[in-house]
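Welcome, and thanks for taking a look at this one. Please have the sequence and the 3D view open side by side as you read.

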Amino acid sequence: MRYDSDDELDRLLFALPLEEPPEDLRAAILTATVYRPSPIFKPWEIAMLGALAAVVVWLLGVIVLGGGTLFIDTVEAIGRRGLLALSNYTTLGWIAAGGATAIWLSIFTGFQPYAKGANAQRR
């Protein structure tokens, strides 16, 4: 069959009786999309919390199995290295310069959060 025009078919389709949608269809769609509460945690945050919990459980296992002194020695060594790195005048200077820059930029931008500025551009 070959049709040159679909006008007849369109007329027949539009003449078909349609069933009425349920009364609460609009509310159900809005509840499932727009009004749906946002999740408490994002997937990457859940993964990070799981990894952190795994590390904590592993460290507790090491301490319970008698590796407590080794663990404490390791933490002390890391602390000494961190103190040595932060006692360098050049490092302290760069940290101070970064902090001063952040404060200076915050003062001149009026402490406006990013989301507030983004909403103003949409209007």
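## A loop residue to start from

Ile40 sits in the loop that links helix 2 (25-32) to helix 3 (43-86). Keep in mind that this is a predicted model. Is Ile40 buried or exposed? Its relative accessibility is 75%, and because exposed means over 50%, Ile40 counts as exposed.

Ile40 also belongs to a nonpolar patch on the surface, together with Phe41, Ile46, Leu49, Leu52, Val56, Leu60 and Ile63. The accessible area of these residues together is about 790 Å².

## A bent helix 3

Now follow helix 3 along its 44 residues. A straight helix would reach 64 Å at 1.5 Å a residue, yet the end C-alpha atoms of helix 3 are only 34 Å apart. Where is the kink in helix 3 centred? Look at Gly67: the kink there is about 120°.

Turning to charged side chains, the count of salt bridges comes to one. The partners are Glu8 and Arg11, whose side chains meet at 2.7 Å, N to O. In general, side chains of opposite charge can pair when their charged atoms come close.

Both residues lie in helix 1 (residues 7-15), and because they are three residues apart, about one helical turn separates Glu8 from Arg11. An α-helix has 3.6 residues a turn, so residues three or four places apart point the same way. Glu8 is partly exposed at 47% relative accessibility, and Arg11 is partly exposed as well, with a relative accessible area of 49%.

## The whole chain

Stepping back, the protein has five helices and zero strands, giving the pattern α-α-α-α-α when read along the sequence.

How much of the protein counts as buried? The figure is 2% of its 123 residues. The protein exposes about 11,900 Å², and 68% of that area is supplied by carbon and sulfur atoms.

Key
Residues numbered from 1 in each chain as written. Predicted model: local features only at pLDDT ≥ 70, side-chain atom pairs only at ≥ 80, totals over all residues. Heavy atoms only, no water. Salt bridge = Lys/Arg side-chain N within 4 Å of Asp/Glu carboxyl O. Helix = DSSP H or I, 4+ residues; strand = E, 2+ residues; numbered from the N terminus. Buried < 20%, exposed > 50% of the residue type's maximum accessible area, 1.4 Å probe, protein only. Patch = residues over 30% accessible without salt bridge, like charges linked within 9 Å, V, L, I, M, F, W, Y side chains within 5 Å. Areas by Shrake-Rupley, 256 points an atom, 1.4 Å probe, with all protein chains shown as cover. Expected span 1.5 Å × (residues − 1). Bend = angle between axes of the 7 residues up to and from the residue.
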